[in-house]
Amino acid sequence: MTLTITNPQTHFPASTAELPRIAILATGGTIAGSSPDATRTTGYQAGALGVQDLLFSLPQLEQVAKIQAEQVAQMDSKDMTCTLWQKIAFRLNAVLAQPDIAGAVITHGTDTLEETAYYLHLTLNSHKPVVITAAMRPATALSSDGPLNLLNAVCVAANPISSGRGVLVAMNNQIHCARDVVKTSTYAVDAFYSPEVGLLGWVQDNRVAFQRMPLRFHSIESEFIGAMGELPMVEVVSSYAGVSRIPVDSLVEAGVRGLVVAGTGNGSLHSVLQQALSAAVQRGVAVVRSSRVGSGHVMRNAAALDDQYDFISSGNLPPYKARVLLMLALQAGIPHVRLQSLFDRY
Ligand code: SIN
């Protein structure tokens with residue numbers, strides 16, 4: 001059969017013989033959630049179903065890829081750990097090193113998806129497409145969004161135009177960059193957005209199109225590939241009316257290596273917190289100013305804070321992603337003077 005490709009962004013394989021092989025690494029989440037009542041979209045058990053159950057209910061996958069599946073974890077992602085991130089990264093890099101694997105899909109819970117996605121974006125040792133997907137409604141629910149999200153994720157991973165973009169997140173027909181995407185709704189199916197920067201692309205009916213490339217450092221240009229060993233203790237604190245310095249002081253006493261502060265507005269800090277964080281810096285703790293606002297930049301040296309107190313600004317990285325980058329940076333032994341430029345590049 002001769003295949004005529006009119007637009008490389010809408011390539012459909014001509015026959016099953018030429019289908020790419022995609023690895024699915026399953027970790028649980030609502031996409032594998034189960035409830036005895038199909039009308040329930042709350043109170044179900046996340047991660048109850050195994051990857052074979054997901055594949056069994058989606059025979060359409062056979063039309064877009066040859067699937068190799070493994071269960072890396074089976075959990076509610078609220079309980080995600082740094083150790084499990086490392087296990088997922090290790091398996092992901094191992095399967096992608098197989099010459100016959102064209103790309104990978106990770107199924108995950110939505111609650112910490114954006115953190116896992118960014119961790120993998122910074123530790124991925126491959127150009128091959130990697131797509132994380134999830135669901136807002138359990139597999140047993142009426143109108144569950146999981147099967148179509150999984151099918152779309154495999155379509156994105158199987159399409160060569162998805163290469164070299166680091167870790168992608170495919171949800172609700174949209175493709176987001178792992179660095180930028182955040183969960184913005186507790187229950188809505190369109191819960192994932194990339195504030196300010198917007199979508200990377202979209203996927204619909206096995207057509208994949210991209211609007212732009214991620215420009216910040218990731219995957220094979222990252223200096224954190226293969227990072228192993230325990231990640232250092234980095235915590236997130238927040239600034240708000242009437243905040244006390246007790247959490248910061250306690251964390252410093254507990255040996256915290258880094259603190260990300262979700263400040264008000266442009267990362268501004270309550271004076272009480274500012275003093276506590278300044279004292280933390282004196283004790284060798286790296287302090288990154290981020291914002292609790294949900295979109296926008298934290299400008300370095302707004303109100304001259306950073307030079308004066310030796311803080312780092314997160315730019316437009318939200319607090320929980322700034323924590324991921326800071327953990328990797330401290331684990332890699334990046335000296336304090338280089339931390340700001342790291343946040344400017346990643
Ligand atoms: C989870 O994050 O594992 C549960 C919630 C979800 O996937 O939507």
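**Exercise 1.** Describe the span of residues 234–343 by its end C-alpha atoms and its helix and strand content.

*Solution.* Step 1: the end C-alpha atoms of this span lie 15 Å apart.

The model is predicted: local features need pLDDT of at least 70, side-chain atom pairs count only at pLDDT 80 or more, and totals for chains, interfaces and linings use all residues. Residues are numbered from 1 along each chain as its sequence is written, and side-chain values use heavy atoms, with hydrogens and water left out.

**Exercise 2.** Find which side chain of opposite charge is nearest to Arg 323.

*Solution.* Step 1: Arg 323 sits in helix α8 (residues 319–331). Step 2: Arg 323 is buried, that is, under 20% relative accessible area with a 1.4 Å probe, protein chains only. Step 3: the nearest side chain of opposite charge is Glu 115, 4.3 Å away. Arg counts as positive and Glu as negative. Step 4: Arg 323 has no salt bridge, a term that requires a side-chain nitrogen of Lys or Arg within 4 Å of a carboxyl oxygen of Asp or Glu.

**Exercise 3.** State how many residues of α3 are buried.

*Solution.* Step 1: the buried residues of α3 include Leu 113, Glu 115 and Thr 123. Step 2: the count is 11 of 11, so α3 is largely enclosed by the rest of the structure.

Definitions and conventions: Helix = DSSP H or I, 4+ residues; strand = E, 2+ residues; numbered from the N terminus. Buried < 20%, exposed > 50% of the residue type's maximum accessible area, 1.4 Å probe, protein only.
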